[in-house]
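Work through the exercises below with the model open. Try each task before reading its solution.

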Amino acid sequence: MKISTKHFGQVEVDETKLLKFHNGLPGFEMYKTYALIPVDESAIYFALQSVEAAGLALIISSPYIFFKEYTFDVDENTKQELGLTSPDDVLVYNVLTLREPFKESTMNLQAPVIINLKNRKSKQLILNDQSYRARHPLVNGQEGGGSLVNP
Amino acid sequence: MLILNRKEGESIRIGDDVEIKIVSIEGGQVKVGIEAPRNVAIHRQEIYASIQEENTEAATLSKNLLDMLKNENNN
């Protein structure tokens, strides 16, 4: 199917691969269906594009590129909600808040987006673990492996 | 807003399946126990609000920055 996007005009997406957020995303609770569209050629950054609202897209990326030590538990409620049975089925992305200059950009480690690859059910989890915050600097991060990407 | 007084060990029931118990009160802090069905999301209000704000800011992205991401790996 073709959808209208915020950054890329009309894009053809595979309907079977759309992500279903039963509760939407915090701040955008009314929009439930998203497509994952690669931004760069190496597919490090993706646009989490709302299918219902063309003007709504968040940039996400794998946290492990920037923070190698990032770990969190998925609670039982969420496992049931997403129908998760194996850790192998989970894909994790985190939302980037990009700013100019780039070194002021941050990643939201407190609220990872988790996707069950088996059924595409997804959720932005809010961790109760106080060691992760909503704004971890991408560049020269204090935690984990720091930054590999420094344009 | 409904306001009511509860003592330590007392509870409040909301609807058929949510129970909120005052576990302890110490200094200015109240420890609350919550029993609710699995499909009811429970968050500290200020944390949920901060994630809403962060998502809202993340969604306002300049064309410049996006172009930078696109080109970053072609250099």
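For lining residues, Ala, Val, Leu, Ile, Met, Phe, Trp, Tyr, Cys and Pro count as nonpolar, Asp, Glu, Lys and Arg as charged, and the others, Gly among them, as polar. This is a predicted model, where local features need pLDDT of at least 70, side-chain atom pairs count only at pLDDT 80 or more, and totals for chains, interfaces and linings use all residues. Residues are numbered from 1 along each chain as its sequence is written, chains are lettered from A in the order in which they are written, and side-chain values use heavy atoms, with hydrogens and water left out.

**Exercise 1. Describe the largest pocket.**

Step 1: its volume is about 700 Å³.

Step 2: 23 residues line it, and A:Asn128, B:Ala41, B:Ile42, B:His43 and B:Arg44 are the closest to its centre.

Step 3: sorted by type, the lining has 10 nonpolar, 7 polar and 6 charged residues.

**Exercise 2. Find the nonpolar cores.**

Step 1: a nonpolar core is a set of buried Ala, Val, Leu, Ile, Met, Phe, Trp, Tyr and Cys residues joined through side-chain atoms within 4.5 Å. Buried means under 20% relative accessible area, exposed over 50%, partly exposed in between (1.4 Å probe, protein chains only).

Step 2: the largest core has 34 residues, and A:Tyr45 and A:Phe72 are among those with the most contacts inside it.

Step 3: a second, separate core of 17 residues includes A:Leu25 and A:Ile115.

**Exercise 3. Is A:Val51 buried or partly exposed?**

Step 1: the relative accessible area of A:Val51 is 23%, so this residue is partly exposed.

Step 2: check its partners, with contact meaning heavy atoms within 4.5 Å. Beyond four places in sequence, A:Val51 touches residues including A:Met1, A:Leu18 and A:Thr33.

Step 3: A:Thr33 is 18 residues away in sequence, yet its C-alpha lies 5.7 Å from that of A:Val51.

Note on methods
On a 1 Å grid over the protein atoms alone, a cavity is a set of points where a 1.4 Å probe fits but cannot get out, and a pocket is an open set with protein on both sides within 12 Å along at least five of seven lines; lining residues have an atom within 4 Å of a point. Grid points are joined across faces, edges and corners, and a volume is the space filled by probe spheres set on the points.
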